[in-house]
Amino acid sequence: MIFNEFSRKQKLFIFLFGVFLTNAIVAEIIGVKIVSIERTLGFSPLHWATPWGDFWDLNQTAGALNWPLVFITSDIINDYFGKKGVRFISFTTALFIAFSFLIIYTATLLVPADFWVEVNKGSENFNINSAFARIFRQGLGIILGSLSAFLVSQIIDALVFEKIKSRTGSKHIWLRATGSTLISQLIDSVLVIGIAFYAFGNWTFAQWMNVSFNNYFYKFIVAILFTPILYLAHWLIEKYLAKDKAL
């Protein structure tokens, strides 16, 4: 088989790219849903008063759920394939995200089968086609916000990661991973919500800040909690690649 002719490092890149691409596309698709963390956990919203006259609740996009995996995978790729590797997967993934949105939007324009609409009406006279279109039809703002935030944050993440690594060498994996995430995730969270829902949508400034920083805090906390997994991943990768060096 052709795949068997690849080196272990090439196979590693394909695997990591697959993890990166899958999580990025899934996060972009489900990101249109805004979730309440409090109600999900079974208690009432915090409803803290803010200086700008609004209330702060733990609301964030569903896309934040697996987004930390995107940046963790990006950091691993940066460690083993450098800034060029990260740049390649970032721009390639952005193209696939745009392509995905195009196909999804086209699907919402197709005329539904009558029986499909009928069997899903239920007692509430539910219109499944309208729901499908409303959920999956990504507006221009969401597409621009997603792609802009994705590319900018990925480039910044790679630059900060490389800067820290140039000073610390191969030591302190946690520092370069967490440090790059601290900066890039903030930019990603604020930019994507700002463009998608504030600039092109009808959100208030307070809603923009609320969801953006909730997304950021979640991503950053998860990134810290995943630090042991990051070390485990490096250990497994080193063992895997060592078999190539032994040949």
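The legends below accompany close-up views of a predicted model.

**View 1**
Read along the sequence, the elements of the chain follow the pattern α-β-α-β-β-β-α-α-α-α-α-α-α. The C-alpha trace spans about 65 × 55 × 30 Å along its principal axes. Of the 247 residues in the chain, 43% are buried, and the chain exposes about 14,000 Å², of which carbon and sulfur atoms supply 70%. Among contacts between residues at least 6 apart in sequence, 76% join residues at least 24 apart.

**View 1. The tilted ring pair of Phe 13 and Phe 88, one of 16 aromatic pairs found in a search of the whole structure.**
The ring centres of Phe 13 and Phe 88 are 6.1 Å apart and their planes lie at 40°, so the pair is classed as tilted rather than edge-to-face, a label kept for planes over 60 degrees apart. The pair links distant parts of the chain, with Phe 13 in helix α1 (residues 8–30) and Phe 88 in helix α3, 75 residues apart. Phe 13 counts as buried, because its relative accessibility is 18% and the cut-off for buried is under 20%. Phe 88, in turn, counts as partly exposed at 44% relative accessibility.

**View 2. The edge-to-face ring pair of Phe 205 and Trp 208 in helix α8.**
The rings of Phe 205 and Trp 208 have their centres 5.6 Å apart and their planes at 85°, and the pair is therefore edge-to-face. Both residues belong to helix α8 (residues 205–225), where, being 3 residues apart, they are separated by about one helical turn. Phe 205 counts as partly exposed, with 42% relative accessibility, whereas Trp 208 counts as buried, with 16%.

**View 3. A cluster of rings that includes Phe 81, and the lysine whose charged end sits over that ring.**
Ring pairs link Phe 13, Phe 17, Phe 81 and Phe 88 into a cluster. The charged end of Lys 9 sits over the ring of Phe 81, at 5.4 Å from the centre of that ring.

**View 4. The salt bridge of Lys 165 with Asp 79, and the network to which both residues belong.**
The closest N and O atoms of Lys 165 and Asp 79 are 2.7 Å apart, and this salt bridge is one of 5 counted in the structure. The pair links distant parts of the chain, since Lys 165 is in helix α6 (residues 140–168) and Asp 79 is in helix α3, 86 residues apart. Lys 165 is partly exposed, with a relative accessible area of 24%, whereas Asp 79 is buried, with a relative accessible area of 15%.

**View 5. Salt bridges of Glu 118 with Lys 121 and of Asp 188 with Lys 219.**
In the salt bridge that Glu 118 forms with Lys 121, the closest N and O atoms are 3.5 Å apart, and Lys 121 is partly exposed, with a relative accessible area of 27%. The side chains of Asp 188 and Lys 219 meet in a salt bridge of 2.7 Å, N to O. This pair links distant parts of the chain, with Asp 188 in helix α7 (residues 173–199) and Lys 219 in helix α8, 31 residues apart. Asp 188 and Lys 219 are both buried. Elsewhere, salt bridges that share partners join Asp 79, Lys 165 and Arg 176 into one network.

**View 6. A nonpolar surface patch made by Phe 91, Ile 155 and Leu 159.**
The patch made by these three residues covers about 250 Å². Phe 91 has its place in helix α3 (residues 67–109), and with a relative accessible area of 41% Phe 91 is partly exposed.

Asn 129 and Arg 176 are 47 residues apart in sequence, and their C-alpha atoms are 46 Å apart in space.

Conventions. Residues are numbered from 1 along each chain as its sequence is written. This is a predicted model: local features need pLDDT of at least 70, side-chain atom pairs count only at pLDDT 80 or more; totals for chains, interfaces and linings use all residues. Side-chain values use heavy atoms; hydrogens and water are left out. Patches are made of residues with over 30% relative accessible area and no salt bridge: like charges are joined within 9 Å, nonpolar side chains (Val, Leu, Ile, Met, Phe, Trp, Tyr) within 5 Å. Accessible areas come from the Shrake-Rupley method with a 1.4 Å probe; for residues, only the protein chains shown count as cover. A salt bridge is a side-chain nitrogen of Lys or Arg within 4 Å of a carboxyl oxygen of Asp or Glu. Helices (H or I, at least four residues) and strands (E, at least two) are DSSP runs, numbered from the N terminus. Buried means under 20% relative accessible area, exposed over 50%, partly exposed in between (1.4 Å probe, protein chains only). Rings of Phe, Tyr and Trp (its six-membered ring) pair if their centres lie within 6.5 Å; planes under 30 degrees apart count as stacked, over 60 as edge-to-face and the rest as tilted. A charge sits over a ring if NZ of Lys or CZ of Arg is within 6 Å of the ring centre and within 35 degrees of the ring normal. Contact means heavy atoms within 4.5 Å.
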